[in-house]
Amino acid sequence: MAVNRELTPADAKRVLRRYWWILPISTVLLTVAGYIAATVLPKRYTSQTMVLVEQPSVPTKYVEPVVTDDLSHRLSTMQEQILSRTRLEPIIEKLNLYSNDRGNAHMDDLVERLRTAITIKPVEAMQGTTRQLPGFYIQATFDNAQLAQQVCTEITSMFLEQNARQTEQQATRTSKFLGEQLDEAKKKLDQQDEKLAEFKRLHLGSLPEEGPANLGMLMGTNTQLEANTQALSRAQQDKAFNESLLSQEEANWKQRQTGGQNPDTADQQLTLLQDQLTGLLARYTPDHPDVVKLESQIAELKRRMAEPQKAPTPNPNAQMAHEPPQIQQLRAKLKLDDANIADLLRQQAQIQTQTRTLQGRVQSTPMVEQQYKEMTRNYQTASEFYQELLRKSQSSGMAKDLAQQQDSEQFKVYDPPSLPTTPSFPKKTYFVGGGFGGGLAVALAIMFVLALLDKTIHTEREAELYLKLPVLTVVPTLAVAGLNGNQVVAGQKEHFFSGV
């Protein structure tokens with residue numbers, strides 16, 4: 001066969017017809033080898049369990065969970081903790097694993113062998129659902145089915161305990177932290193409350209909410225001051241009038257004591273009394289007691305002036321008689337006027353003092369309001385922070401109770417660790433099928449190599465390629481009938497090449 005030529009289907013058919021026996025021999029031999037290998041190789045058994053993540057029984061809108069990190073990250077952390085030497089070495093001691101290798105291998109090597117025998121695989125979530133990991137598989141592969149099941153059970157228990165303990169610890173730490181922060185926030189809130197109360201005590205009457213009341217009181221004191229001023233003016237006028245009446249009555253009384261009356265003096269007194277009557281009528285009505293009394297005094301004076309004057313009868317030994325009731329009444333009125341004026345002056349001083357106080361409060365209200373707003377803002381901030389911490393602390397306490405009652409997010413074993421009845425390695429089906437496929441592939445490869453190594457010439461094209469000479473002529477094989485009826489047949493054509 002020519003070198004460096006392409007294989008054709010005809011070549012494949014020719015090689016297959018010639019070396020067909022290679023296919024069954026190679027296939028049977030490798031199939032038997034795969035079966036023997038599956039029988040001879042050490043058996044390994046895999047125990048598997050499925051752990052699902054059970055959501056909290058109480059909706060999260062009522063109680064916020066304390067564990068909010070991603071389950072994949074938390075599962076990776078738990079896997080590193082559980083598959084550490086401190087957690088796997090007690091399992092080796094408890095189940096007496098690798099008893100034949102204890103004297104020859106170091107404990108770290110045994111722990112590494114056990115770690116490679118344990119596999120954690122997440123459960124794939126359905127499309128369109130939440131991204132939260134629904135659960136995970138735990139697989140333990142060992143050379144003994146019972147040991148594989150026991151190891152899988154121990155690892156599963158570790159995951160359940162680790163998750164419960166981690167959830168409870170995190171809830172406890174969160175509650176403790178929030179409790180400490182709540183106490184600190186309460187202290188600050190109490191301090192702000194004390195500062196605000198002290199500020200209110202020091203600026204009582206000048207607080208912003210008291211501003212309208214202060215303005216109203218200030219208007220009221222101004223009205224009171226005006227009324228007091230008018231009353232004081234009237235009291236002073238009354239006092240002046242009563243003083244004039246007292247002077248007149250004293251003059252009349254002294255004149256009567258001397259026993260006569262001077263006409264000029266009587267005219268002056270009459271004029272004075274009439275002037276006083278005119279002033280009283282300007283202020284009071286004719287029925288006022290002072291007006292009536294003054295009119296009676298004028299009438300009495302006119303009557304005395306109309307009577308003939310008698311010669312005075314001296315009485316040097318006579319004593320001065322007591323003052324008449326009119327003079328005493330006038331003196332009493334003057335005392336009352338003095339007391340009234342003093343009381344009005346005292347009230348006026350009080351009203352003025354109150355007015356100045358209210359004016360000071362009104363003037364200081366803007367500055368006090370600025371300070372009060374700042375203190376109120378600080379108090380409000382501290383109060384809101386305290387209320388927020390109080391809400392979180394209460395929620396954390398309820399989450400802690402749920403964790404202790406096993407009502408929070410928990411790991412639940414859906415499928416208990418299985419007891420394998422057939423080995424996971426080697427699987428005879430895979431080995432026999434692989435031997436059969438491998439034998440078929442080896443047979444085809446051998447036949448391909450044989451086809452490449454075949455040097456024989458079977459076609460004209462191969463002759464041209466192999467000899468590299470042109471063909472001069474081709475003589476076909478002819479069938480010739482002989483005289484005796486015999487027939488000569490040539491089986492192939494004769495080729496004549498240049499130089500042959």
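This is a predicted model: local features need pLDDT of at least 70, side-chain atom pairs count only at pLDDT 80 or more; totals for chains, interfaces and linings use all residues.
**Entry 1: Phe159**

Leaving aside neighbours within four places in sequence, I found Phe159 in contact with Leu75, Met78, Gln79, Ile82, Ile120, Phe136, Ile138 and Phe411.

**Entry 2: the cores**

Next I looked up the largest nonpolar core, which has 31 residues. Which members touch the most other members? They are Leu97, Leu114, Ile155 and Phe159. I listed the elements that give two or more residues to this core: strand 1 (45–54), strand 2 (118–122) and strand 3 (135–142), together with helix 3 (71–82), helix 4 (85–95), helix 5 (107–116) and helix 6 (145–202). Helix 6 supplies the largest share, six residues. Another core lies apart from this one and has 15 residues, including Leu245, Trp253, Leu277 and Ile298. I noted a general point beside this: in soluble globular proteins, nonpolar side chains tend to be buried together.

**Entry 3: aromatic pairs**

How many aromatic pairs does a search of the whole structure find? It finds four. I wrote down two of them. For each I needed two values, because a pair of aromatic rings is described by the distance of the centres and the angle of the planes.

The rings of Phe136 and Phe159 are 5.3 Å apart, centre to centre, with 50 degrees between the planes, and this pair is tilted. Phe136 is in strand 3 and Phe159 in helix 6, so their pair ties together parts 23 residues apart in sequence. Phe136 has 0% relative accessibility and counts as buried.

Phe136 also pairs with Phe411. Here the centres are 5.3 Å apart and the planes make 75 degrees; the cut-off for edge-to-face is over 60, so the pair is edge-to-face. Phe411 lies in strand 4 (residues 410–415) and Phe136 in strand 3, so this pair ties together parts that are 275 residues apart in sequence. Phe136 and Phe411 are both buried. I recorded Phe136, Phe159 and Phe411 as a cluster linked by ring pairs.

**Entry 4: Leu334**

Last, I looked up Leu334, which is in helix 10 (residues 325–404). Its relative accessible area is 12%, so I put Leu334 down as buried. What does Leu334 touch, not counting residues up to four places away in sequence? I found Lys239, Asn242, Glu243 and Leu246. I also checked Phe241, which is 93 residues from Leu334 along the chain. The C-alpha atoms of Leu334 and Phe241 are separated by 9.5 Å.

Terms used. Residues are numbered from 1 along each chain as its sequence is written. Side-chain values use heavy atoms; hydrogens and water are left out. A nonpolar core is a set of buried Ala, Val, Leu, Ile, Met, Phe, Trp, Tyr and Cys residues joined through side-chain atoms within 4.5 Å. Buried means under 20% relative accessible area, exposed over 50%, partly exposed in between (1.4 Å probe, protein chains only). Helices (H or I, at least four residues) and strands (E, at least two) are DSSP runs, numbered from the N terminus. Contact means heavy atoms within 4.5 Å. Rings of Phe, Tyr and Trp (its six-membered ring) pair if their centres lie within 6.5 Å; planes under 30 degrees apart count as stacked, over 60 as edge-to-face and the rest as tilted.
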